[in-house]
Amino acid sequence: MTPVGQLHQSPAADLDAATLYQILRLRVDVFVVEQACPYPELDGRDLESSTRQFWIADTEGCVIATLRLLTEPPSADGRPLFRIGRVCTERTHRGEGLTARLLSAALAEVDDDPCRIEAQAYLVDMYAKFGFVTEGDEYLEDGIPHVSMVRDRGVATDRVGVSPDTVR
């Protein structure tokens, strides 16, 4: 049995079908069903060789929180560029700090390279605690207010004076 809240990560090629199914099921439950937002969840990016899935499982091995880390084409200066997306937690486990743990793990992989996220607008302050800053105006995506955010520690490391360790 898996301990409560054990964090896992895996490249797409190493992910077993049952775990991938649970990850996708959680995302559909949250984004499509709970948020009443019909959109094409299966976008093909989950199986790209450079995609890394991060998830936390409960004691029975059920996925209760997840995010994916994508590798995008390099930035103009040739540095790797990453994108975090599909961040979600099962409703009964929200407020337990699972998202902060997932983000910390993903950003450890990113290191000082630029990373983007298309954040639901109500989560801007939470992502700011991880060094993300807004870029551009708020926009609607599938009827939900979003904001583009970027974290580029290689350019500016002191924009936000809060470390990920302080986020609970």
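Reader: How many disulfides does the structure hold?

Author: A disulfide is a covalent bond between the sulfur atoms of two cysteines. Here a pair of cysteine sulfur atoms must lie within 2.5 Å to count, and the structure holds zero of them. Do keep in mind that this is a predicted model, where local features need pLDDT of at least 70, side-chain atom pairs count only at pLDDT 80 or more, and totals for chains, interfaces and linings use all residues. Residues are numbered from 1 along each chain as its sequence is written, and side-chain values use heavy atoms, leaving out hydrogens and water.

Reader: Are C88 and C115 buried or exposed?

Author: Buried means under 20% relative accessible area, exposed over 50%, and partly exposed in between, using a 1.4 Å probe and protein chains only. C88 has 4% relative accessibility, so C88 counts as buried. C115 is buried too, at 0%. Across the chain, 44% of the 168 residues count as buried.

Reader: Which strand holds T66?

Author: Strands are DSSP runs (E, at least two residues), numbered from the N terminus. T66 lies in strand 3, residues 63-72, and is buried with a relative accessible area of 0%.

Reader: What is T66 in contact with, leaving aside neighbours within four places in sequence?

Author: Contact means heavy atoms within 4.5 Å. By that rule, the partners of T66 beyond those neighbours include I23, L26, F54, W55 and L102.

Conventions
Helix = DSSP H or I, 4+ residues; strand = E, 2+ residues; numbered from the N terminus.
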